[in-house]
Amino acid sequence: MSEKELIFIALFSVALLVVLSLIFLFMTFNNRKNKLIQEQLETKLNNQKRQHELELNALRAQMNPHFVHNSLNAIQYYIQLNQVEKSEDYLSKFSKLMRQFFEYSRKERISVEHEISLLKNYLEIEKLRFEDDFDFQLNIDKVLDTQDLFLPPMILQPIVENAINHGIFHKKGKGEVSIDFVSINDFSFKVEITDDGIGINKSKLMNAKKKQTHTEHSSFVLEERLTLLRESKHWDVAFTIQDLADTSNKTGTKVTLIFKEGLNEDDYDH
Amino acid sequence: MFNKDVILRLLMWLPQIAAFVFAIVMWPKYKNTTQRNFIYFLGFVLVIECLGYLLPILYGVKRAYVYNSYTIISGLFLLTWFKSILQTKRLVIVFIYVFITSIGYCLFFQEFGVLWKIPLVVLAIAILICSTVFFSDLLAKNEVVNFKTDQKFWIVTGCLVFYIGYLPLVLLQKYFGLSGIYYRIPITINIILMYGFIIKSFLCLKKN
């Protein structure tokens, strides 16, 4: 081989080395990038899927068959008593509540005003079921902007249902649920759901002897939904539950939710 | 009109000048990053190129004086920069010590008027290893998704490409009799590639 050929081979090898190194480098980085993007998309997709499953479960929890059955029975009871006006009134409330359940469950957020309307409807139907053994209070802070403040749907009703079915149902005598909407600032507000029932500690003891109840399931769904909502970064919802007997002479349970809204407002514009 | 030497010099200088111009234009975008000293480094490269060309013509100074000084300063600069961007700092510190030792060796046992090969080879190996460590670190991070807009990625790619081509040239130079145009053409191509990637490192800041 001549000297020129040797030089050519040497230079060609060097050039090949440089080109191959570059190809290898960019292929490695592009593959890793695509893999990471795919993983991130899969995680996001799984989270969305789980979110939808939980929303469906939350809807099922709201559409509790016992609640539907008992409500219709109560309406039937009034029909049998020939109290047509009262039965019509409750039937209309019931149908409105069903419509609200379906309508709001499709939305990503609902106004506080709509949530209050749904809760009022729900509580009035429960009152019909319990008659004089149950009463409720809805206290709304005057400065709270109920039209422009929002919250995720299907969050409060399951908690109120827990208060009634677990707290008040087992209590002897009249029970009361009080719901307070309190403004914190322009972007956040607090909701306190207080019942004077047997309290969460006693209720847990009672349930421990039974198999998993519908209420326990709905609590699990609620907690997981709150976690996913926090992960989605659209909502920051602080959730605390307290047995009133732990801090006072009273019995009952107080659930406090603090909604900090507006973390990612633009995401709702679509 | 132009001889080969002038053409090769122009081809080598143009990307170096362009890199310095981009470094000035994009300065506000990277002045608070670990790459902030590259503006001075690129300016220094241009000064060295001018001195390397003019001093031998005007004062008969040996070109190796200028390029040996360049090797020392650029090597220390690049290794210090790698120390600031790599997580395994000890490795880079070891390379800095080895590089300084190789300079010391040449100072005692070689003439300053001859181009020092040992520090160049040490520097090339050190930079190739540091580049590999940098890429493997980056591949393990989520930031790899945006690697095309990472200024460090392009600078390291430039260094890797230059030294991956330069190391065999220096090592094989003796055996294959690579000299004159056969040595200068591949070196010029390497320099064009390296400064091309450095220019890209400034351009990607625009996208950021």
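## Packing, interface and selected residues

Leaving aside residues up to four places away in sequence, B:Y195 touches B:P15, B:Q16, B:A19, B:L42, B:V45 and B:Y70, where contact means heavy atoms within 4.5 Å. This is a predicted model, in which local features need pLDDT of at least 70, side-chain atom pairs count only at pLDDT 80 or more, and totals for chains, interfaces and linings use all residues. Residues are numbered from 1 along each chain as its sequence is written, chains are lettered from A and ligands numbered from 1 in the order in which they are written, and side-chain values use heavy atoms, with hydrogens and water left out.

B:Y195 is also among the residues that touch the most other members of the largest nonpolar core, which has 78 residues; the others are A:F29, B:F82, B:F153, B:Y163 and B:F202. A nonpolar core is a set of buried Ala, Val, Leu, Ile, Met, Phe, Trp, Tyr and Cys residues joined through side-chain atoms within 4.5 Å. A second, separate core has 48 residues, including A:M98, A:I159, A:I179 and A:L229.

Chain A contributes 21 residues to the contact with chain B, and chain B contributes 26. The two chains bury about 2,100 Å² between them, 83% of it on carbon and sulfur atoms; buried area is the accessible area (1.4 Å probe) that two parts lose on being put together, summed over both. Across this interface the rule finds 0 salt bridges, a salt bridge being a side-chain nitrogen of Lys or Arg within 4 Å of a carboxyl oxygen of Asp or Glu.

| Residue | Relative accessible area | Class |
|---|---|---|
| A:T256 | 13% | buried |
| A:E53 | 38% | partly exposed |
| A:N82 | 61% | exposed |

A:T256 lies in strand 7 (residues 253-260) of chain A; helices (H or I, at least four residues) and strands (E, at least two) are DSSP runs, numbered from the N terminus. Its contacts, not counting residues up to four places away in sequence, include A:K190, A:E192 and A:F239. A:E53 belongs to helix 1 of chain A. Although 172 residues separate A:E53 from A:R225 in sequence, their C-alpha atoms are 9.8 Å apart. A:N82 is in the loop between helix 2 (65-80) and helix 3 (84-105) of chain A and, although not a glycine, has a positive phi of about 65 degrees.

Key. Buried < 20%, exposed > 50% of the residue type's maximum accessible area, 1.4 Å probe, protein only.
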